[in-house]
Amino acid sequence: MVRHDAEHEAAAPYTRAFLTIYDAWVIRLSNRFAWQCDANVMLDLYNQHLGHRHLEVGPGSGWYLANTTATPGPAHITLMDLNPTPLSYTARRIEAADRVVESVCGSVLDPVPAEAGTGYDSVGINFVLHCVPGDFTKKGVAFRHLAHVLADDGVLFGSTILGRGQTPRTLFGRALTAVYSRVGAFNNRDDDRGELETALNEHFGEYSVTNTGDVSLFTARRPRR
Ligand SMILES: C[S@@+](CC[C@H](N)C(=O)[O-])C[C@H]1O[C@@H](n2cnc3c(N)ncnc32)[C@H](O)[C@@H]1O
């Protein structure tokens, strides 16, 4: 019960009004000036790894999917979020004649809903895990659920802001962390790199974690099921 309250609290801020300013506030301003990681660094992950059939977890405003230059772009995208508003907002933004876009409501802490299917060529989970409650010994279960729906030769990629063993480098980042944690939008106080790597290693045969500014970027392959 407690878990579900904290989970919904973390996804609740993503209203239509917030998503309208999300690109300016998060993608352009906070990423660069609070976390010292330009959005283009994350966009590169999308450009490098987006596959034909893609699952996007926690799409927010959909900026990365709307701005990727991956060629060819995915022909089939499934969006998954605990909050239905980012689903409809992003689906409208990325719809295209040559692309199927589907949406499923669900949390990464639970198995991916059966209606989403399996065998994804790529799974993106960008800036979601620092929102999700629990440290990586608990929220790491997300990797098990996502490994289950990834194709044997597929790739999972994303990024997160860790909270233990690293203080945000900028005053802006420290202020955002304090405010977002107070309102339940950030739950990363106990997230550390060792436990992130342990969780990735538990569910994937191959993974990498790199850092740019305060952001840890990861990729993982060879799902263990
Ligand atoms: C900070 S936004 C990230 C948006 C986008 N991926 C980006 O990188 O800018 C977090 C997103 O994760 C979603 N979210 C939060 N908790 C979730 C959970 N437990 N399961 C699935 N999605 C969740 C939110 O609704 C929101 O769309």
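## The largest pocket

The largest share of the lining of the largest pocket comes from α2, which gives six residues. This is a predicted model. The space in the largest pocket comes to about 620 Å³. Its lining counts 41 residues, and those closest to the pocket centre are Y14, G58, F127, V128 and C131. Several elements give two or more residues to this lining: α1 (2-11), α2 (16-34), β1 (53-57), α4 (63-67) and β2 (76-81).

What is the make-up of the lining of the largest pocket, in nonpolar, polar and charged residues? Nonpolar residues number 28. Another 10 are polar, and three are charged.

## The ligand and its shell

Where does the ligand sit? Its place is the largest pocket. Around the ligand are 20 residues, and Y14, Y22, G58, D81 and N126 come nearest.

The shell around the ligand holds 13 nonpolar residues.

The side chain of N126 has an N or O atom 2.8 Å from an oxygen atom of the ligand. V108 uses its backbone: an N or O atom there lies 3.1 Å from a nitrogen atom of the ligand. G60 also takes part through its backbone, where a polar atom is 3.2 Å from an oxygen atom of the ligand.

How much of the ligand does the protein bury? Taken alone, the ligand exposes 600 Å². The protein buries 98% of that area.

## The second largest pocket

The lining has 17 residues, and S181, N187, N188, R189 and D190 are the closest to the centre.

This lining divides into five nonpolar, eight polar and four charged residues. For the largest pocket, the corresponding numbers are 28 nonpolar, 10 polar and three charged.

## Two backbone details

Which peptide bond is cis? The bond from T71 to P72 is, with omega near -10°. P72 belongs to the loop between α4 and β2. Both α4 and β2 give two or more residues to the lining of the largest pocket.

F127 is the second detail. Its phi is positive, at about 60°, although F127 is not a glycine. The loop that holds F127 runs between β4 (120-126) and α6 (136-139).

Terms used: Residues are numbered from 1 along each chain as its sequence is written. This is a predicted model: local features need pLDDT of at least 70, side-chain atom pairs count only at pLDDT 80 or more; totals for chains, interfaces and linings use all residues. Side-chain values use heavy atoms; hydrogens and water are left out. A residue is near a molecule or strand if one of its heavy atoms lies within 4 Å of it. A polar contact is a pair of N or O atoms within 3.5 Å; within protein, one must be able to donate a hydrogen and the other to accept it, and residues adjacent in sequence count only if both atoms are side-chain atoms. Accessible areas come from the Shrake-Rupley method with a 1.4 Å probe; for residues, only the protein chains shown count as cover. On a 1 Å grid over the protein atoms alone, a cavity is a set of points where a 1.4 Å probe fits but cannot get out, and a pocket is an open set with protein on both sides within 12 Å along at least five of seven lines; lining residues have an atom within 4 Å of a point. A molecule sits in a cavity or pocket if more than half of its atoms lie within 2 Å of its grid points. Ala, Val, Leu, Ile, Met, Phe, Trp, Tyr, Cys and Pro count as nonpolar, Asp, Glu, Lys and Arg as charged, and the others, Gly among them, as polar. Grid points are joined across faces, edges and corners, and a volume is the space filled by probe spheres set on the points. Helices (H or I, at least four residues) and strands (E, at least two) are DSSP runs, numbered from the N terminus.
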